Amino acid sequence: STQALTWLPDIPSAATIGKHSPSTTGRSELPSRSINVGQGDQALTSVDRAMNKASTGMKSLKKKLQIKNLLVRQCLAEFLGVYMLMLFGTAAVAQVVTNFDQKGTYLSINLGYSIGVLFGIYASVGISGAHLNPAVTFSLCVIGRFPWKKLPFYVISECLGSFAASATTFCLYYDAIHEYSRGNLTVRGPRGTAGIFATYPVEYLSVSSGFITEIIG
């Protein structure tokens with residue numbers, strides 16, 4: 001059996017492996033190379049310091065500019081919400097009317113007001129509750145879900161937001177409105193433009209019927 005295994009190659013012993021294997025301390029024996037990173041570290045440190053200083057400054061400025069009064073914040077939220085609602089809506093109406101229904105339809109107006117309601121709610125619901133309408137605020141006061149003392153402030157803010165949006169639309173479509181009306185701004189008629197910014201009753205509608213219409217509608 002000994003002669004049968006003579007063809008196998010010689011396997012080095014553990015002592016031989018330890019003798020010829022590289023030392024575990026070979027890495028420390030290699031010549032070390034010094035890398036000059038001092039300037040890079042200083043540059044990074046300067047950038048970090050500048051960024052930290054800017055971040056601190058922004059936080060301080062944000063804290064100083066933050067409105068502490070809750071009622072003022074709520075009024076501003078209602079103003080912004082109504083402004084966005086009316087801006088999208090009146091701009092859509094102006095686009096359709098001044099182009100003689102060539103660049104938009106009644107569906108465009110519906111979509112414009114729908115998008116305005118969506119953005120108005122998102123902008124104000126977390127602060128003021130997104131009433132976006134004096135009628136909604138008044139109704140909430142009647143059922144006891146909103147304090148009466150805030151009613152006039154909400155109503156004023158909502159009305160101002162609506163007027164500001166209408167003024168913005170008028171400025172944006174100033175040339176188009178004057179071209180459409182031929183320089184003669186009228187409420188009703190074939191080229192009336194007041195309907196862009198508000199709704200008006202027809203001539204045959206009585207005050208009582210209009211009042212009931214507003215309550216139901």
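The legends below describe close-up views of a predicted model.

**View 1. Helix α4 along its length.** Helix α4 covers residues 70–98.

View 2. Where α4 starts, a side-chain oxygen of Asn-69 comes to within 2.9 Å of the backbone nitrogen of Leu-71. Just beyond the other end of the helix, Phe-100 adopts a positive phi of about 55°.

**View 3. The surroundings of Thr-98.** Thr-98 belongs to helix α4, and its side chain reaches the backbone oxygen of Ala-94 at a distance of 2.5 Å. Because its relative accessibility is 10%, and buried means under 20%, Thr-98 counts as buried. Leaving aside residues up to four places away in sequence, Thr-98 is in contact with Tyr-173, Ala-176, Ile-177, Tyr-180 and Ile-196.

**View 4. The surroundings of Thr-137.** Thr-137 is part of helix α6, which comprises residues 134–142, and with a relative accessibility of 0% this residue counts as buried. When residues up to four places away in sequence are not counted, Thr-137 touches His-131, Phe-146, Leu-151, Tyr-154 and Glu-158.

**View 5. Thr-137 and Trp-148.** These two residues stand 11 residues apart along the chain, and in the model their C-alpha atoms are separated by 9.2 Å.

Definitions and conventions. Residues are numbered from 1 along each chain as its sequence is written. This is a predicted model: local features need pLDDT of at least 70, side-chain atom pairs count only at pLDDT 80 or more; totals for chains, interfaces and linings use all residues. Side-chain values use heavy atoms; hydrogens and water are left out. Helices (H or I, at least four residues) and strands (E, at least two) are DSSP runs, numbered from the N terminus. Buried means under 20% relative accessible area, exposed over 50%, partly exposed in between (1.4 Å probe, protein chains only). A polar contact is a pair of N or O atoms within 3.5 Å; within protein, one must be able to donate a hydrogen and the other to accept it, and residues adjacent in sequence count only if both atoms are side-chain atoms. Contact means heavy atoms within 4.5 Å.
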